[in-house]
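The sequence and the coordinates come next, followed by notes grouped by topic.

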Amino acid sequence: MEARVLWLVVVVLVLGSSNRAAAYKGLSTNLCEVPAKDRVDCGYPEISPEQCTNRGCCFDSSIHGVPWCFKPLQDTECRF
C-alpha cells in the first residue's frame with residue numbers, strides 16, 4: 001500500500017511541475033532578442049534554462065560575460 005501512495009505522490013509532483021513549465025513555453029522569440037549590453041539579470045548562478053523560463057525570463061548561454069537568464073523586452077501589444 002505504501003508503494004502505491006508513494007507512486008501517486010511522484011505522479012502528482014511530475015504533472016504539477018510540467019504544468020508550471022508550460023506556463024511560459026510560448027514566450028515569443030522576438031521578446032528575447034535583447035542586445036547583450038542591455039540584458040537585465042533575471043536569474044541566479046547555475047540556473048537551468050527550464051528554471052529561467054519558468055520565471056518568465058529568456059535564456060541564452062551563447063554569449064559569455066553577460067547574464068544568461070535575463071528579462072525579456074516589454075511586450076507593448078494590447079490584449080483585450
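A disulfide (a pair of cysteine sulfur atoms within 2.5 Å) joins Cys 52 to Cys 69, with 2.2 Å from S to S. This link connects distant parts of the chain: Cys 52 sits in helix H2 and Cys 69 in strand S2 (residues 69-70), 17 residues apart. Helices (H or I, at least four residues) and strands (E, at least two) are DSSP runs, numbered from the N terminus.

This is a predicted model, in which local features need pLDDT of at least 70 and side-chain atom pairs count only at pLDDT 80 or more, while totals for chains, interfaces and linings use all residues. Residues are numbered from 1 along each chain as its sequence is written, and side-chain values use heavy atoms, with hydrogens and water left out.

**Disulfides**

- The link of Cys 52 and Cys 69 is right-handed, with 95° about the S-S bond.
- Cys 52 and Cys 69 are both buried; buried means under 20% relative accessible area, exposed over 50%, and partly exposed in between (1.4 Å probe, protein chains only).
- By the sulfur distance rule, the count of disulfides is three.
- Cys 32 and Cys 58 are also joined by a disulfide, at 2.0 Å from S to S.
- Cys 58 is buried at 2% relative accessible area, whereas Cys 32 is partly exposed at 23%.
- Cys 42 and Cys 57 form a disulfide with their sulfur atoms 1.7 Å apart.
- Cys 42 lies in the loop between H1 and H2 and Cys 57 in the loop between H2 and S1, so this pair ties together parts 15 residues apart in sequence.
- Cys 42 and Cys 57 are buried.
- With the bonded cysteines of the protein chain numbered in sequence order, the pairing reads 1-5, 2-4, 3-6.
- A disulfide is a covalent bond between the sulfur atoms of two cysteines.

**Chain layout and surface**

- The protein chain has two helices and two strands, and from the N terminus on its elements run α-α-β-β.
- Of the 80 residues in the protein chain, 14% are buried.
- Contacts (heavy atoms within 4.5 Å) between residues at least 6 apart in sequence join residues at least 24 apart in 58% of cases.
- The protein chain exposes about 6500 Å², and carbon and sulfur atoms supply 60% of that area; accessible areas come from the Shrake-Rupley method with a 1.4 Å probe, and for residues only the protein chains shown count as cover.

**Aromatic pair**

- The structure holds one aromatic pair.
- Phe 59 and Trp 68 form this pair, which is edge-to-face, at 6.4 Å centre to centre and 80° between the planes.
- Rings of Phe, Tyr and Trp (its six-membered ring) pair if their centres lie within 6.5 Å; planes under 30 degrees apart count as stacked, over 60 as edge-to-face and the rest as tilted.
- Phe 59 is partly exposed at 27% relative accessible area, and Trp 68 is partly exposed at 34%.

**Backbone at Glu 46**

- Glu 46 has a positive phi of about 70° although it is not a glycine.
- Glu 46 is in the loop between H1 and H2 and counts as exposed, at 78% relative accessibility.
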